[in-house]
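Subject: A model for you to look at

Hi,

I am passing a structure on to you, with the sequence alongside. Please open it first, and then read my notes below.

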Amino acid sequence: MSNASLHQKCASPLRTLAPADELEGPASPKARFWDRIAVQYAADPIADMAGYEFTLRQVEDLLTADQDVLEIGCGTGTTALRLAPFTRRLLATDVSARMIAIAREKLAAQPVPQLSFALADAEEPVAAPGEFDAVLAFNLLHLVTDLDRALQQAVLALRPGGMLISKTACVAEMNPLIRYLAVPVMQAIGKAPRVLCFDADALQVAMARQGLNIVSVERHGTRGKDFRVFIVARKPT
């Protein structure tokens, strides 16, 4: 399956960080969208707290204190703050400058020595090849412009044997009225971002296309049908 087939019209790049920790040039449309909603995003409660906590416990069990970890699409940093104590170092990145500003405010109020935040886009290099033992991508992969490119960058950042740990909304598994009506309407009025429409099987195929071996596929939701698939994949040694 080609990456183009993952797109539907129901749907900036991770750059090497400059010393000023800023993306060059004007913000991308994607970044501008998330900048605009960052404050509301930070204030919104987690819809399924029990499912979120279960996911965190699963990830904690996969991380160790001798690992260097990269999170892409960290949002306002809530998850990074929870997981960083289980690592040697966690670099959490997001394309939105306002999201990163809020995350840094949280970190200042709740210092975690292992954790740092940086502005970067998940579709461009952010790290030296093989710099990290794990890459985390939560609620992100359906929001990138090019899934293959985002996965390729994650794989490049991993050391041999490193893990990609992801939790992704599978838009193609949702009710067609949501995909073909609600999402386009919300996008038209600026209330929803562009999304990629794929199911869990297509996401696994895309990961395999980048050379990753699927370790586990789970669903952690506790409220009705869970459209967010939790996948752990490993880079070959």
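**What I found**

Glu123 is buried, with a relative accessible area of 6%. Please keep in mind that this is a predicted model. Glu123 sits in the loop between strand 3 and strand 4. The C-alpha of Glu123 is 6.4 Å from that of Gln153, although 30 residues of chain separate the two.

**The chain as a whole**

The chain holds seven helices and seven strands. If you follow the chain from the N terminus, the order of elements is α-α-β-α-β-α-β-β-α-β-α-α-β-β. There are 237 residues, and 49% of them count as buried. The accessible surface amounts to about 11100 Å², with 58% of this area belonging to carbon and sulfur atoms.

Helix 1 covers residues 29–43, which makes 15 residues. From first C-alpha to last, helix 1 reaches 22 Å, close to the 21 Å expected at 1.5 Å a residue. Have a look at Ile37 as you go along: helix 1 has a kink of about 55° centred there. The buried residues of this helix are Lys30, Ala31, Phe33, Trp34, Asp35 and Ala38. What do the buried residues of helix 1 pack against? The partner is helix 4, residues 97–109.

Helix 2 (residues 49–62) has 14 residues and a reach of 20 Å between its first and last C-alpha, close to the 20 Å expected at 1.5 Å a residue. Its buried residues are Gly51, Tyr52, Thr55, Leu56, Val59 and Glu60. The cover over these buried residues includes helix 3 (78–83), strand 4, strand 5 and strand 7 (228–234).

**Salt bridges**

The count of salt bridges comes to 11. The part I would look at with you is around Arg89.

Arg89 forms a salt bridge with Asp68, and the closest N and O atoms are 3.6 Å apart. This pair links distant parts of the chain, with Arg89 in strand 2 (residues 89–94) and Asp68 in strand 1 (residues 68–72), 21 residues apart. Are these two buried or partly exposed? Arg89 counts as partly exposed at 28% relative accessibility, whereas Asp68 is buried, with a relative accessible area of 7%.

Arg89 also forms a salt bridge with Glu131, where the closest N and O atoms are 3.1 Å apart. Here too the pair links distant parts of the chain: Arg89 is in strand 2, and Glu131 is in the loop between strand 3 (115–119) and strand 4 (132–138), 42 residues away. Glu131 has 24% relative accessibility, so it counts as partly exposed.

Then there is Arg159, whose side chain meets that of Asp133 in a salt bridge of 2.7 Å, N to O. Arg159 counts as partly exposed at 25% relative accessibility. Asp133, at 18% relative accessible area, is buried, because the cut-off for that class is under 20%.

**A backbone detail and a surface patch**

Asn139 is worth a click. Its phi is near 55°, a positive value in a residue other than glycine. Most residues other than glycine have a negative phi. Asn139 is found in the loop between strand 4 and helix 5 (147–157), and it is partly exposed, with a relative accessible area of 36%.

Leu177, Leu181 and Val185 make a nonpolar patch of about 300 Å². Val185 lies in helix 6, which covers residues 176–188. With a relative accessible area of 43%, Val185 is partly exposed; a residue needs over 30% to be part of a patch, so Val185 passes that cut-off.

Happy to go through any of this with you on screen.

Best wishes

Note on methods. Residues are numbered from 1 along each chain as its sequence is written. This is a predicted model: local features need pLDDT of at least 70, side-chain atom pairs count only at pLDDT 80 or more; totals for chains, interfaces and linings use all residues. Side-chain values use heavy atoms; hydrogens and water are left out. Patches are made of residues with over 30% relative accessible area and no salt bridge: like charges are joined within 9 Å, nonpolar side chains (Val, Leu, Ile, Met, Phe, Trp, Tyr) within 5 Å. Accessible areas come from the Shrake-Rupley method with a 1.4 Å probe; for residues, only the protein chains shown count as cover. A salt bridge is a side-chain nitrogen of Lys or Arg within 4 Å of a carboxyl oxygen of Asp or Glu. Helices (H or I, at least four residues) and strands (E, at least two) are DSSP runs, numbered from the N terminus. Buried means under 20% relative accessible area, exposed over 50%, partly exposed in between (1.4 Å probe, protein chains only). The expected span of a helix is 1.5 Å times one less than its number of residues. The bend at a residue is the angle between axes fitted to the seven residues ending there and the seven starting there. Contact means heavy atoms within 4.5 Å.
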